[in-house]
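Take a look at the model first, then read on.

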Amino acid sequence: MNFCELAPSYVRAIAPYQPGKPIAELERELGITGIVKLASNENPLGASPLAVAAMHAAIGDIGRYPDGSGFDLKKALSERYGIERAGIVLGNGSNDLLELAARAFLASGDRAVYSRHAFAVYALAVQAAGALGISVPATAGYGHDLAAMRQAAMQHEVKMVFIANPNNPTGTFLDSGKLHDFLRTVPSRILVVLDEAYNEYLPGNVRYDSVAWLRDFPNLIVSRTFSKAYGLAGLRVGYALASEQVADMLNRVRQPFNVNSIAQAAAVAALQDEDFVRRTCELNYEGMEQIAQGLSRLGLEYIPSYGNFVSCRIPNTDLNEGSGAARMYRRLLELGVIVRPIANYEMPDYLRVSIGLQSENEKFLSALEQALGETV
Ligand SMILES: *Cc1c(COP(=O)(O)O)cnc(C)c1O
């Protein structure tokens with residue numbers, strides 16, 4: 001009996017998500033320590049000390065179920081953003097929210113639109129719901145082509161559009177004017193999921209207030225996460241902001257206790273620690289400069305990024321040996337540096353590197369320089 005055949009064909013067709021390689025795994029494989037992981041856009045500072053203290057304090061109550069309504073965290077978010085609690089949905093990471101959106105609104109045969117090279121979870125969530133994903137060609141600079149996405153959404157009776165701003169793995173960014181135009185011109189029956197996982201990293205001159213747009217666009221779902229700038233990736237906590245009706249539907253398909261109690265306590269504390277987020281952003285800007293300059297010095301092209309990562313192009317020196325990026329990825333592993341190949345994003349010549357501490361960025365750049373020297 002082949003149990004795979006018991007699963008619906010759309011489940012069998014799902015290509016599994018490819019996570020970054022864990023440090024412990026590479027340590028086991030190579031028997032070396034001091035490995036630098038710049039593969040999953042994690043915060044190199046770890047978590048805010050306030051969040052860590054809140055986690056310790058929450059451990060005493062761990063025998064009890066978490067608050068399924070997320071009272072304290074929703075209260076903190078509601079005060080931060082000036083929106084009603086009924087318009088907030090908590091998720092086990094913002095991945096969870098992307099899935100909840102797909103599961104709540106997409107039925108078998110429905111259609112959803114996203115950009116080529118956009119975050120992989122959109123396609124996975126759509127497919128797991130039995131719906132059909134339409135991948136729209138990107139702009140020349142690997143960004144979302146909103147005009148083409150709007151056209152695809154209107155032509156194919158699409159129910160949901162996913163937009164990542166900034167996008168991962170390309171780091172591309174849509175300014176507020178373009179986004180607002182999109183929301184104004186797309187029919188209001190189409191739900192727009194605006195994934196802002198890297199929102200906190202945006203420099204002041206391009207920041208925009210998507211939360212204020214919720215008043216005018218009840219079809220908008222804004223998703224954010226504590227995994228990136230707040231440094232809580234291992235805890236799994238994110239949130240979505242939406243109109244009350246949309247939030248109500250997401251809550252109906254959510255597991256009652258999808259966000260654990262430690263994560264809820266940590267997230268409340270992390271929200272208060274604005275200083276930590278500021279230090280995170282400063283470190284990121286400096287590290288981005290350091291890596292961008294290093295890449296230029298090595299003659300490598302990269303896509304200018306608004307996130308805490310950057311994708312660079314590795315030239316193909318030997319066409320008989322497959323993609324240069326794939327070989328570079330493996331060579332960097334041997335040198336103790338984990339980055340992310342993004343062939344599964346239809347970018348086989350690119351590697352994505354997360355911005356780390358200054359010393360980690362340095363180790364990446366010197367390993368890269370060494371590896372480039374070997375291939376000539
Ligand atoms: C990292 C990331 C997320 C979410 O991660 P969670 O840890 O599940 O919150 C969502 N969208 C994009 C574009 C990301 O890069």
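What follows covers the ligand's surroundings and then some salt bridges.

This is a predicted model, in which local features need pLDDT of at least 70, side-chain atom pairs count only at pLDDT 80 or more, and totals for chains, interfaces and linings use all residues. Residues are numbered from 1 along each chain as its sequence is written, and side-chain values use heavy atoms, with hydrogens and water left out.

An oxygen atom of the ligand lies 2.5 Å from an N or O atom in the side chain of T225, and for R236 the corresponding distance is 2.7 Å. On its own the ligand exposes 380 Å², and the protein buries 95% of that (accessible areas by the Shrake-Rupley method, 1.4 Å probe, with only the protein chains shown counting as cover for residues).

Now for the salt bridges, each a side-chain nitrogen of Lys or Arg within 4 Å of a carboxyl oxygen of Asp or Glu. The count comes to 17. Three of them are listed here:

| Pair | N to O distance |
|---|---|
| R80 and E274 | 3.7 Å |
| D110 and K159 | 2.7 Å |
| R331 and E334 | 2.6 Å |

A network of salt bridges also links D275, R278, R279 and E282.

Terms used
Polar contact = N/O pair within 3.5 Å; in protein donor to acceptor, adjacent residues only side chain to side chain.
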